[in-house]
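Subject: Structure handover

Hello,

Here is the structure for you to look at. My notes follow below it.

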Amino acid sequence: MRFRTRLTIVLLTVVIISQLATGVAFLRATQNDALAKGNQRLEVGARVFQQLLSIRGEQLLGNVAILADDFGFKSAVATQDTATLYSVLANHGDRAQADMVMLSDLSGNILASSHHEQNSAMPFPGLFQRAQQTGSGVGVVIDNGEPYEFVLLPVRAPNLIGWVGMGFLINENVTEEINALTGLEISIVTYNASGDISYLASSHQEQLAMSLMSDSGSQLMEGAYTTSNQLSLDDDYLSYATTLMANQRYQSFALIQLSRNELLGAYSQLQWQLLSIVALMVLLTLAVALWSARSISRPLIALAQAAKRIGQGERIDDISSGSTVTETNQLATTLLSMQEDIAEREASLLHQSRHDLLTNLPNRVSAFEDLQRFIVLGKPFTLLRLSINDFRDINDTFGYELGDHLLVTLADRLQRLGAPVEKAYRLDGDELMLMIDAPELREHMREEIIAEISEPVSLEKSLIVPALSAGEVNYPVHGDNAQLLLRRSDIALDQARRHRRPHERYVEGQDEQHLRQLMLIRDLQEAVDNGELWMAYQPKVDTITGNVCQFEALMRWRHPTLGFVPPDEFIGLAERSGNIGLLSDWMLAHVCEQLYHWKRQGRHLSVAINLSASDVIDPGLPMHIHELFESYGLTPDQLALEVTESAVMQDVNAATETLMALSQMGLKIAVDDYGTGYSSLAQIRRLPVDELKIDKSFVLTLDTQQEDLTIVRSTIEMGHHLGLKIVAEGVENSTSAALLSQLHCDYLQGYWISKPMPAEAVTDWLDQFKTLSLSAAVTH
């Protein structure tokens, strides 16, 4: 509403109020009385409506419970038989007269639904969370702008395997039933986030639409957004709104109405008489009000228009209000000053949004925009993405302040680089990036850039030579859009850091490998619960007796879509993603339970398990193993532990403390894959180690490679001098077995003896196993 119009209305209202004070007070009292009675009636109608929804919800809850308990339905959910699920849901939904049926998995992903796509996310997260916490969910939800009374129950077989839900649309059938019970007009209205009506169900839709289009209808909507219940009066109806459901996208409420004529018909004539008296006074004061409003509002309107132009970004050099009032001219001057302040602040904010606060280098947003501009030009270029190796160690050693100093120093060096370097960026943390005007980066050019950046930096009076890893991508060879190029540069840098190389150029196919790794990391968390992991057992044989002395437990994973996943792949991913503890806990519990079952069958077997680096430095591991021994009635000779050199050397002190505690419990400890790490026998001598396992890479070609034979012989001799037993893994033929026996290797393990086998095959294999005659293998 314009200021001039509003001012005129104010003046006229003052005159009207002064003349009709007594009459309005009377009308107000009578109207309040009518409204109070109408409000009581509307509240009764609201309670009837809520009771009807509650009754229907309880009926629907019973129907959903029957479906959730149906054996055939549980079987279809367990096997994820999509066709059967849709058929069962449709049949039960029809019998329950439900308008919506749905089935989701434990994470809320849709398995089957009458209204939603398969594998989409749960559309009702609030109800789903409440159902997870309380065991069931009943309430009003909004789907595609339409309100439903919805019930969500768990499906158990006997463990929880999914969530099934049904709902009925709160539509004209509901409103007409309430109308028949109470004689009140009821409407279900849903507004979207923009304030527009997305759903309307009413026993009098035409009249309701007119009401909602009026000013009073708008006020009612605003009240419904802020309170649970709201009473309002418009030109036609007394309305009572009660909120059904509200979220960030929708607001749905029930609007119960009484006709204004029915409530206030007796007072209409009295109102018209009062208005007739006022009409004459309005005509007399209208001319004076219009003149006064115009003289006051004209300069203010001019200032408002100027402020609007400034807000739209237009620059104004002078503002003329046409007024002699000092305050108005002062406001005009203030607007001009504000215009300058806004321009400076916008420039500062724009710079900050496109630059890193620490180094003042352009940030990721700026890099993305620059890449898009370069791509439009179609000129080939190269991205060199850089990362500081062991930056966390630098922060831990010298402090974050000096770590920031290192980043600022490198940023300054990047900005000083000349052609063909176009621009430098800081993407995140210790990651920097150069845009280079060249189709690809030649080796000598890259070495010059890295050398200039990697010059020593003084930190705390110490010279630190920053070691950098670099990932390179080229446009258009490696991608034709900014997002793809940034992602592939990240993949190339990740390859360089992982393999400890100074530089890696993106290679086609690494995207797929990266996505596979992300998928495995994600699915690894559910592999234990879904029963996808299992343990295989490979025997070890004593070279003196020829009998089986122990088994090694080897973890296996059969992914539901990728099939068999090699242990080297998923265990490495588990260590990098922090999920290795989950696998270790499962493996320990599973192996101990299996040893218990074998013991009950009269088989007192010993099994060796592999520990990760995080396991070795975990001070709680000895107590955890002790608790498992107590639970399953095991003895220390039934479990042995194997740990790699690299795992121990990551934190020698912590590993030594943990291994010492395990050794004191009576557990035997072996160093696995010996010869492939960077430790020595002198280092291992300080650890409570009982065995060394020679890596299979030296054993596989033992009978053909003289160098491997020399390494194995010297390892066995030195190990024996230190009082250690020696295990050779990777024995795949009788010749290698005979040679190892001649070298006095203590234990053999490999395919020549047996491949890893599932637990259920171990006892049968032992029954058929014949004592090995290694002397016979020599003659052979």
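**Strand β16 and its sheet**

Strand β16, residues 468-475, pairs with β17 in the parallel sense, over three bridges. Pairing here requires that DSSP finds at least two bridges between two strands. Strands and helices are DSSP runs numbered from the N terminus: E over at least two residues for strands, H or I over at least four for helices. Within this pair, Ala470 stands opposite His503 of β17.

Before you go further: this is a predicted model, in which local features need pLDDT of at least 70, side-chain atom pairs count only at pLDDT 80 or more, and totals for chains, interfaces and linings use all residues. Residues are numbered from 1 along each chain as its sequence is written, and side-chain values use heavy atoms, with hydrogens and water left out.

Back to the sheet. It is open and has five strands, in the order β12-β13-β11-β16-β17, with mixed pairing. Which strands stand at the edges? They are β12 (421-428) and β17 (503-505); each has a single partner strand, so one side of each lacks a neighbour in the sheet. From one strand to the next, the twist averages 20 degrees.

**Helices on the sheet**

Helix α11 (residues 364-377) packs on this sheet. It touches β11 (381-388), β12, β13 (431-436) and β16. Contact means heavy atoms within 4.5 Å. The direction of α11 makes about 140 degrees with that of β12. Axes are lines fitted to C-alpha atoms, for helices over the stretch in contact; angles run from 0 to 180 degrees between N-to-C directions. Helix α15 (residues 482-498) lies across β11, β13, β16 and β17. It runs at about 145 degrees to β16.

**Strand β21**

Is β21 (residues 607-611) enclosed or open? Four of its five residues are buried, so the strand is largely enclosed by the rest of the structure. Buried means under 20% relative accessible area (1.4 Å probe, protein chains only). Strand β19 (residues 548-559) pairs with β21 in the parallel sense over two bridges. There, Phe551 has Val607 of β21 as its bridge partner. Strand β22 (residues 639-644) also runs parallel to β21, joined by five bridges. Ile609 stands opposite Leu641 in β22.

**The whole chain**

The chain has 28 helices and 27 strands. Of its 780 residues, 46% count as buried. Among contacts with a separation of 6 or more, 61% link residues 24 or more positions apart.

Best wishes

Key:
Buried means under 20% relative accessible area, exposed over 50%, partly exposed in between (1.4 Å probe, protein chains only).
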